[in-house]
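Hi,

Here is the structure I promised to pass on.

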Amino acid sequence: MLAYVVRRLFLAVPLLLGITFVSFLVIHLAPGDPVQSLAGGDMTMTHDPKQYRQLVELYGLDKPLHVQYWNWLNRLARLDFGRSFGPNARPVLSMIAERLPITLLLNIVEMLIIVAAAVPIGALSATRQYSTFDKVTTVFVFIGFATPEFWLALLLMILFGVQLGWLPISGLRSMNWEYLSFWQQQADFLSHVTLPIVVATFGGLAGFSRYMRQSMLEVVRQDYIQSARAKGLAERVVIGKHALRNAMLPIVTILGLSLPTLIGGSVIVESIFAIPGMGQLMVQAAFERDYPVLMGNLVIVSSITLLANLAADVAYGLVDPRIRVGRRRR
Amino acid sequence: MWHRLGLAFASLVLAAGCNGPSASENPIQVAADTKTATDAKGGERKSPPPDYGDTRIEASIGNVSGLIPNLTSDSASHEVGNFMYNGLVTLGRNLEIVPELAKSWEFSKDCLTLDFTLNEGVRWHDGKPFSAADVVFTFETTMDSKTPSPYKSDFQDVDKVEARGPNQVRVTYKRPYAKALQSWALAMLPRHLLEQWVRDGKLREAPQNWTAPVGTGPYRFKEMKSGDKVVVVANQDYFKGPPRMARIVYRIIPSQATIFLELKAKSVDVASLTALQYQRQTEYPAFEKAYNKFRYPGTGYTYLGFNLKDPRFADRRVRRAFAHAINKQELLEGVVLGLGREATGPFRPGTWAENPDVKGLPYDPKRAVALLAEAGWKERNGDGLLMKDGVPFTFELLTNQGNDERKKVAEIIQAKLREVGVGVDIRILEWAALLKEHIKKRQFQAIILGWGTGPDPDQYVVWHSSQMGPDQLNHISYANPDVDALLEAGRSSCVQADRVRYYRRLHQALADDQPLVFLYWRDSLPVVASRIHGILPGPAGISWNFTDWFVPKQLQRYTSG
């Protein structure tokens with residue numbers, strides 16, 4: 001198992017290189033560049049072509065693309081992600097570091113809620129196919145799919161924030177936060193993240209419970225379930241132990257693939273709730289053509305995607321003995 | 001949301017004021033509508049004695065990109081910068097230049113030497129005294145080739161800046177430069193903290209740019225949460241006396257809808273409204289009791305521009321015909337619900353450069369048809385389009401994506417021109433592509449775009465015939481010797497009375513020639529919580545006297561702060 005993991009990690013390096021090269025190319029080929037707004041804006045009256053060229057040189061943007069890529073790669077090899085091109089020139093890593101915790105926290109909580117709710121919902125509606133419960137959840141799921149997040153967010157904000165005044169509308173902390181006691185601060189924070197989590201969970205729950213239902217439906221039609229029942233096992237054991245474990249396999253794959261989104265953050269939720277997370281950081285960087293920030297994020301997200309794939313493959317083994325056995329024989 | 005952000009970004013690029021340091025405090029001019037004017041007067045006349053204390057929460061869509069204003073060009077950074085920094089001069093209620101760190105100044109007769117006398121006893125937030133050496137340092141920093149400052153062009157005509165004693169600064173210009181005085185609204189930087197960073201070419205990385213800014217301004221830096229908020233507290237040692245309000249929280253809320261809901265929940269004190277919110281969604285008693293709404297012309301105008309290399313548009317009669325064919329009042333109603341005013345030229349309504357005698361070309365389709373006929377567009381083809389030499393009059397109108405307002409303008413113009421027999425095809429392009437492939441390469445027939453204007457009326461770079469190069473801003477390729485002469489005269493005089501004359505004549509000349517059809521100035525629509533008193537709206541907007549804003553003791557809300 002260990003050798004397998006090491007080999008996979010080793011193979012990931014050229015893959016990562018390829019990803020960064022292609023992304024670097026694409027990002028630099030997009031029209032516009034980071035210097036435009038610094039040189040007084042492209043279409044503003046302070047625009048000064050001489051100064052523009054000066055800045056292009058200052059940032060090394062006049063060098064050929066492959067040289068720029070090589071320089072970037074060189075720095076990356078020393079774990080130097082560089083500094084933002086923006087006026088604050090902050091290290092990319094610390095920009096990401098200050099945005100990551102809140103995004104991770106929100107997304108992990110969301111993911112836990114989604115899994116905790118979607119698995120039983122999916123399993124139940126599969127085992128009771130076409131029952132009232134199944135029909136109700138199906139309707140609910142389609143509503144979940146069809147509801148735009150920003151719209152749901154605004155409705156909830158109007159109801160709970162403006163009309164009822166139970167929850168804060170946006171941000172992460174109240175304005176008087178530093179004057180609250182420790183427990184009040186925790187409660188304040190919780191009340192701020194409630195709506196974002198609800199909104200983000202709503203859409204995700206719909207998708208996951210469908211996957212679960214589908215997967216469960218396939219499993220319960222298998223012969224071994226039939227024979228488990230024939231053995232006289234309790235229905236609870238048949239479904240809960242025999243069927244569920246197998247039905248979970250595709251969910252593990254999807255979960256593994258969802259790991260990078262834990263870090264990516266949701267642009268819509270973050271913007272509408274004014275949460276300074278990764279999604280906002282990236283969108284801003286994209287608009288400002290802040291290459292180092294974009295590339296830094298890409299490296300991190302693609303590394304995690306590769307690691308997540310690996311983790312999912314390992315997790316198969318844990319969930320499914322057949323995969324473990326198959327490997328041992330080789 | 002992508003759209004909204006796109007819009008915010010595009011409008012920042014397009015409408016960023018042409019004069020950096022003061023760009024954020026220059027929303028211009030002229031009284032609020034009648035109802036708000038009385039509201040504002042309520043705050044101004046019968047107000048209780050000014051008390052100290054309380055916090056106000058301001059909301060901004062844009063992010064703060066840095067805390068040294070000399071490095072940034074976005075309006076959020078400048079609004080925050082204004083809390084903490086001072087220039088030598090600043091802009092007063094009527095956009096006049098008033099003393100700040102400089103007590104007084106004097107130009108030599110030939111406009112080449114400018115002498116500042118600085119206020120004495122001014123201290124940086126860290127307690128060190130401010131002196132003439134800091135002024136020299138700020139200038140050198142801005143011009144340093146390793147400092148990426150957007151304000152270099154303001155100082156390119158400066159020959160030298162010298163400290164003549166601790167409170168005397170002399171600036172010598174190579175040639176007379178009309179914006180000289182105003183350019184010194186630039187935020188002054190502390191030499192004792194930043195000198196080494198500038199020398200290393202790393203000013204952007206200095207802690208003063210992010211975690212520990214030090215200025216001379218009315219508020220001191222307290223805390224900054226990246227992408228979330230900036231908090232500043234009153235500087236008790238401020239040389240003009242401490243500001244009234246104890247604390248300002250500047251919140252970044254990237255969604256206009258969210259800002260509006262925060263306003264409805266009364267958890268934001270200062271924000272801007274959209275035309276729709278101003279006109280239709282805030283007209284209920286609870287909102288009007290909680291907030292005062294203000295309205296004054298904004299800093300930018302929208303125009304219909306032509307490629308004057310196109311022989312059809314080179315004919316002034318055609319351009320004037322278009323101006324007559326477009327009903328600007330209807331356009332205003334349709335696009336910004338009437339919250340704006342007709343543009344007659346490129347100078348902000350109510351400022352000194354505007355010529356009040358210039359009347360826009362009235363909506364008169366008959367006159368438009370007559371003018372087009374004079375220019376040779378007489379016959380009509382089967383579709384009712386005007387023809388000349390057998391070719392129908394149709395053109396392509398470009399504008400940028402993500403700006404709904406411009407899209408609507410294009411559609412209304414399309415309909416109006418069709419009525420006089422001109423066909424318009426609208427094409428909407430992504431901003432960067434529009435700029436790179438069409439505007440810069442002069443590959444367009446007509447465009448709808450906007451110009452942002454600064455407090456000074458100098459617009460040499462937009463209208464002068466020498467500015468037609470590929471990277472330059474006279475992209476409509478306008479050349480008019482009279483206009484050139486007036487632009488040159490206007491920017492090289494430091495005598496206000498002469499400048500007034502030049503720019504008023506320039507305004508007339510541009511209105512007669514219609515190098516582009518000036519459409520409208522959109523209004524700025526800020527709201528401020530009604531518990532905050534002392535706001536005096538003027539041509540400069542509302543924020544010019546923000547240090548005097550106050551909340552009477554019994555109305556204070558965030559007292560623990």
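Below is what turned up, chain A to begin with and then a helix of chain B.

A word on conventions: this is a predicted model, so local features need pLDDT of at least 70 and side-chain atom pairs count only at pLDDT 80 or more, while totals for chains, interfaces and linings use all residues. Residues are numbered from 1 along each chain as its sequence is written, chains are lettered from A and ligands numbered from 1 in the order written, and side-chain values use heavy atoms, without hydrogens or water.

Chain A has 14 helices and zero strands (DSSP runs, H or I of at least four residues for helices and E of at least two for strands, numbered from the N terminus). Its C-alpha trace spans about 85 × 60 × 40 Å along the principal axes.

A:T201 counts as buried because its relative accessibility is 8%. Leaving out residues up to four places away in sequence, A:T201 touches A:E110, A:I113 and A:I114 (contact means heavy atoms within 4.5 Å).

Nine of the 12 residues of α4(B) are buried, so the helix is largely enclosed by the rest of the structure. Those buried residues, B:F137 and B:F139 among them, pack against β5 (113–118), β6 (158–163), β7 (168–173) and α6 (191–199) of chain B.

Cheers

Definitions and conventions. Buried means under 20% relative accessible area, exposed over 50%, partly exposed in between (1.4 Å probe, protein chains only).
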